[in-house]
Structures are given as structure tokens and as C-alpha cells.
Amino acid sequence: MKPLSRKTAIITGASSGIGRATALALAREGANVVAAARRFDRLEALARRIADEGGNALPIRCDVREPSEVENVVDAACKQFGGIDILVANAGIMPISLMRNLHVAEWMATVDVNFKGVLASIAAVLPRFLAQKSGHIVTLSSVAGRKVYPGSAVYCATKYAVRALSEGLRMELSPSDNIRVTVIEPGAVITELLETITDRAALEEIQKNFEEGRALQAEDIASAIVYAVTRPPHVNVNEILIRPTFQEL
Ligand SMILES: NC(=O)c1ccc[n+]([C@@H]2O[C@H](COP(=O)([O-])OP(=O)(O)OC[C@H]3O[C@@H](n4cnc5c(N)ncnc54)[C@H](OP(=O)(O)O)[C@@H]3O)[C@@H](O)[C@H]2O)c1
């Protein structure tokens, strides 16, 4: 039997990058995968790939900024697979910019997706996790949740918030309700994340860290998530920080 047989995992932001790689990796470990994001064609292609590999996947269109859409994902997951065991709250954007350039709409969007979207995802699974006295919540913070970079103030603020939230969740829910919490903190990973940057100066600065062959691959992060969620029930992997070897800060 595979380690995650009969388990169901919801992954937000599964249409690309770390979320997609995590969906594939969890399915290979035997999990039923519920893949959520806005680009449904990408999710359908992912679900076909998982099915071709012998796994189970349910693609669902979802914008994490809409709490009711995240609740629909949870309802659909329960209907299809009978419950939920793992949430990977991964959906995120990184439209970094210098504060002086006043990309205010992007500041707000970053908070809405990276922080409020994580809150909505947690709210959607929590009643079930509390009722079943088990569950695993994996959040995606970042090295930017430990260190502030000029030009990334708002993004860093959301990732600090996700890290604080994860620690608060763990303290409240792990000892009393057997709900495990893992925060993943990647350094530079080559994904589509930089495509959300419209501020040229900020993009030029950050691109140096995302060099092909030196930066991390999405699969490097997916394997850390697999590690966290396949430990025995008494092991709560709280935090994993992963930098590319070349990355100093
Ligand atoms: N790449 C890195 O270097 C790095 C480092 C540290 C942390 N992270 C974090 O890792 C997570 C995944 O990012 P990635 O690097 O894999 O980037 P990515 O390839 O751009 O993936 C981001 C995912 O989030 C989804 N998403 C964005 N807005 C959404 C919304 N409103 N509702 C639902 N889904 C939404 C996107 O799907 P749709 O557009 O289809 O909705 C996509 O699937 C993010 O939280 C990011 O902050 C990344």
C-alpha cells in the first residue's frame, strides 16, 4: 500500500509551479488529489496526467479570494472522495514593486490571495478537521517570510503573516485536536511566479536569484511536502526552510 492511500489532499494553486508538482507527487504516493486554481484547462490536463499514471484527481475551478468558491472545493472533495485529510494552501502571487511606485492595486491583490486566500482555505477545511480530530494543513510561506527584501515589502508582509498564522494554528490545534501544521519556506524556485511582476526595477533585481540550473525546481519543494505529510501521526513537521545552495540571503 502506498503511504497516502485512502487519503485526500486539496491543493490550491495546482495549475502551475509548486502546486502542480505537489499534486503529481502526492498522487504518486497514493493520495486522491483535488486540484484547485482559476485556469481550469491546466487543471484538466493535470488530472489527465495523474489518471494516466494510475492516480485519482478532481480538477475544480476556484479563486481563493472568494471564500464560497473554496467551500465548494471542500464540498466537491468530500462528495467525490468521502473526506479530506490534507490541505496544501499554496495559491499565491508575487507582483513585487518599490513602494514609491504606488502599485496599490497589486498590494491589495497580494494580501487578498496570499493571506486572505490562505485564511479562506483554512476556514473551509477546519470544521471537518476538528470534527474528525485529524488533518494536516500545509502553508507556503517563503524565505521572504523570515527576511524582508527592499522592493518586496508587501509580499514579505504576507509571507511573515502566513508564518505567524501557521505557528498560531499549530499551537492551538496540534496538541488538542491532532491537526498537524507545516509551513514550507522556499528560496528561489523556478515557476511562473515572476510573471506577476509589472515593476521593471523590482523584476530586474529579483531575476538574478532565479537562474536556471542554480535555483530550485518545483519538484524540490513538492518532495519536502511529501516528506512532511507522510510522517507517522505522532510526528509534526512544523517548518521546512529550503534555499538553493547558491542563495545567500
Ligand atoms: N517560486 C518561488 O521562488 C517561491 C518561493 C517561496 C514561496 N513561494 C510560494 O509558493 C506558492 C506557489 O507559487 P509558485 O512559485 O508555484 O508560482 P506559480 O507557478 O505562479 O503558481 C501560483 C499558483 O497560484 C494560483 N493562484 C494565483 N492566484 C490565485 C487565485 N486568486 N485563486 C486561486 N489560485 C490562484 C495560480 O493559478 P491560477 O492563476 O490558475 O489561478 C498558480 O497555480 C506561492 O504561495 C508562492 O508565494 C514561491
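## The second largest pocket

How many nonpolar, polar and charged residues are in the lining of the second largest pocket? By class, this lining has six nonpolar, five polar and four charged residues. Keep in mind as you look around that the model is predicted.

The second largest pocket has a volume of about 280 Å³. Its lining is made up of 15 residues. To find its centre on your screen, look for Lys 7, Arg 180, Val 229, Arg 231 and Pro 233, which lie nearest to that point among the lining residues.

## Around the ligand

Now for the ligand and the shell of protein around it. The shell counts 31 residues, and Ser 15, Ile 18, Arg 38, Tyr 155 and Thr 191 come nearest to the ligand. Sorted by class, the shell has 15 nonpolar, ten polar and six charged residues.

In the side chain of Ser 16, an N or O atom is 2.8 Å from an oxygen atom of the ligand. The backbone takes part as well: a polar backbone atom of Asn 90 is 2.8 Å from an oxygen atom of the ligand, and a polar backbone atom of Val 64 is 2.9 Å from a nitrogen atom of the ligand. How much of the ligand does the protein bury? Taken alone, the ligand exposes 870 Å², and the protein buries 96% of that.

## An enclosed cavity

Rolling a probe the size of a water molecule over the atoms shows where empty space is left. In this model, the count comes to one cavity of 30 Å³ or more. The largest cavity holds about 80 Å³ of space. It is lined by 13 residues, and the closest to its centre are Pro 95, Ile 96, Ser 97, Val 154 and Tyr 155.

Helices α4 and α5 each supply at least two residues of the lining of the largest cavity. By class, this lining has eight nonpolar, four polar and one charged residues.

## The loop between β4 and α4

Asn 101 sits in the loop between β4 and α4. Is Asn 101 buried, partly exposed or exposed? Asn 101 is partly exposed, because its relative accessible area is 38%, between the cut-offs of 20% and 50%. The side chain of Asn 101 makes a polar contact of 2.8 Å with the side chain of Asp 199. For a sense of distance, Asn 101 and Leu 46 are 55 residues apart in sequence and 37 Å apart in space, C-alpha to C-alpha.

Leu 102 lies in the loop between β4 (86-89) and α4 (104-132). With a relative accessible area of 58%, Leu 102 counts as exposed, since the cut-off for that class is over 50%.

Most residues other than glycine have a negative phi. Which value does phi take in Leu 102? Phi of Leu 102 is near 50°, a positive value in a residue other than glycine.

Arg 6 also has a positive phi, near 70°. Arg 6 is found in the segment before β1 (8-12). The relative accessible area of Arg 6 is 68%, so Arg 6 is exposed.

Methods: Residues are numbered from 1 along each chain as its sequence is written. Side-chain values use heavy atoms; hydrogens and water are left out. On a 1 Å grid over the protein atoms alone, a cavity is a set of points where a 1.4 Å probe fits but cannot get out, and a pocket is an open set with protein on both sides within 12 Å along at least five of seven lines; lining residues have an atom within 4 Å of a point. Grid points are joined across faces, edges and corners, and a volume is the space filled by probe spheres set on the points. Ala, Val, Leu, Ile, Met, Phe, Trp, Tyr, Cys and Pro count as nonpolar, Asp, Glu, Lys and Arg as charged, and the others, Gly among them, as polar. A residue is near a molecule or strand if one of its heavy atoms lies within 4 Å of it. A polar contact is a pair of N or O atoms within 3.5 Å; within protein, one must be able to donate a hydrogen and the other to accept it, and residues adjacent in sequence count only if both atoms are side-chain atoms. Accessible areas come from the Shrake-Rupley method with a 1.4 Å probe; for residues, only the protein chains shown count as cover. Helices (H or I, at least four residues) and strands (E, at least two) are DSSP runs, numbered from the N terminus. Buried means under 20% relative accessible area, exposed over 50%, partly exposed in between (1.4 Å probe, protein chains only).
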